[in-house]
Amino acid sequence: MSTTYKLDTSTSRANPTPKPMKRLTVPRIRARKQDGETKEPLVMLTAYTARQAQLLDTHCDLLLVGDSLGQVIYGLPSTIPVTLEMMANHGAAVVRGSYHSVVVIDMPFGSYEASKEQAFESAAHLLKETGAAAVKLEGGEAMAETVAFLNARGIPVMGHVGLTPQAVNVLGGYAARGRSDAEADKIVSDAKALDDAGVFAMVIEGVVEPIAITVTKAVSAPTIGIGASAQCDGQVLVTEDMLGMFERVPRFVKRYEGIASVIDKTVATYASEVRDRSFPGEDQTYQPKD
Ligand code: KIV
């Protein structure tokens with residue numbers, strides 16, 4: 001069943017809400033992989049704002065309120081400083097702007113690792129404050145008990161293995177993972193542990209392709225690749241990366257547009273029209289009625 005719908009997204013800033021529609025659910029996402037096969041790959045993109053969510057919603061199965069918002073929105077050097085409140089605020093905006101996709105919110109660094117009880121408190125806060133359906137957390141075997149704990153208490157969890165950006169200080173950078181046998185084995189066992197613990201899907205980020213394929217075959221939950229393989233059960237990208245908002249992007253990003261240069265050209269035209277007083281023109285000014 002195709003999940004791409006036509007929705008009237010012709011909104012204005014003063015009237016931002018398009019027609020509501022039926023939202024996909026976590027069980028429907030999980031059920032897209034049956035007996036190890038996913039006929040229709042899952043489409044996920046990051047979203048951080050209501051309007052962005054509106055524009056992406058009809059084309060996606062899942063919207064991820066990623067902690068990448070730390071870098072993309074807040075100009076932070078990594079995802080480490082991102083707070084639970086940032087995630088709650090942006091998560092609520094994305095839920096308000098979407099009607100179709102399952103909204104998943106990243107649990108930020110420091111909000112879930114200390115104990116399964118801490119993870120429950122943080123995840124429950126995110127779901128209550130936003131209306132999102134699920135959370136995502138990074139880590140493998142070490143997080144399996146937490147995943148099972150959350151699941152048993154009504155909180156669906158998406159896993160995240162391979163390159164886990166919140167562990168940048170341990171990993172020493174953002175290089176692709178799984179090049180040594182030991183690293184590859186660890187990624188596979190992490191993924192299996194999350195699968196057994198009941199994740200409804202898992203992101204595989206920045207791993208050599210054969211490992212992504214091995215993991216995808218080894219687990220029952222759908223895998224969602226980023227810098228992984230087209231053979232994953234779905235794909236995710238950071239929306240600003242794929243739209244071409246930045247000059248430099250990781251190798252695995254395909255830039256589908258050059259939005260930064262569109263903005264640059266548009267703003268240059270505006271600035272020049274303000275300076276030569278050709279804006280505002282007749283169409284943009286109010287005159288007294290005759
Ligand atoms: O934070 C994020 O945007 C992510 C994706 C890159 C998977 O975790």
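In this predicted model, an N or O atom in the side chain of Lys136 lies 2.9 Å from an oxygen atom of the ligand, a polar contact being a pair of N or O atoms within 3.5 Å. The protein buries 95% of the 260 Å² that the ligand exposes when taken alone (Shrake-Rupley accessible area, 1.4 Å probe). Residues are numbered from 1 along each chain as its sequence is written. As the model is predicted, local features need pLDDT of at least 70 and side-chain atom pairs pLDDT 80 or more, while totals for chains, interfaces and linings use all residues; side-chain values use heavy atoms, without hydrogens or water.

**Ligand site**
- The ligand sits in the largest pocket. A pocket is an open set of points on a 1 Å grid over the protein atoms alone, with protein on both sides within 12 Å along at least five of seven lines; a molecule sits in it if more than half of its atoms lie within 2 Å of its grid points.
- Among the residues around the ligand are Thr46, Asp67, His160 and Val238, a residue being near if one of its heavy atoms lies within 4 Å.
- By class, this shell has four nonpolar, four polar and three charged residues; Asp, Glu, Lys and Arg count as charged, and Gly is among the polar ones.
- A polar side-chain atom of Ser68 is 2.5 Å from a ligand oxygen atom, and for an N or O atom in the side chain of Asp106 the distance to a ligand oxygen is 3.1 Å.

**Overall fold**
- The chain has eleven helices and ten strands (DSSP runs: H or I, at least four residues; E, at least two).
- Along the principal axes, its C-alpha atoms fill a box of roughly 75 × 35 × 35 Å.

**Backbone features**
- Most residues other than glycine have a negative phi, and most peptide bonds are trans.
- Asp35 has a positive phi of about 50 degrees and is found in the loop between β1 (33-34) and β2 (37-38).
- Phe279 and Pro280 are joined by a cis peptide bond, with omega about 0 degrees; Pro280 lies in the segment after α11 (259-275).

How values were computed:
A polar contact is a pair of N or O atoms within 3.5 Å; within protein, one must be able to donate a hydrogen and the other to accept it, and residues adjacent in sequence count only if both atoms are side-chain atoms. On a 1 Å grid over the protein atoms alone, a cavity is a set of points where a 1.4 Å probe fits but cannot get out, and a pocket is an open set with protein on both sides within 12 Å along at least five of seven lines; lining residues have an atom within 4 Å of a point.
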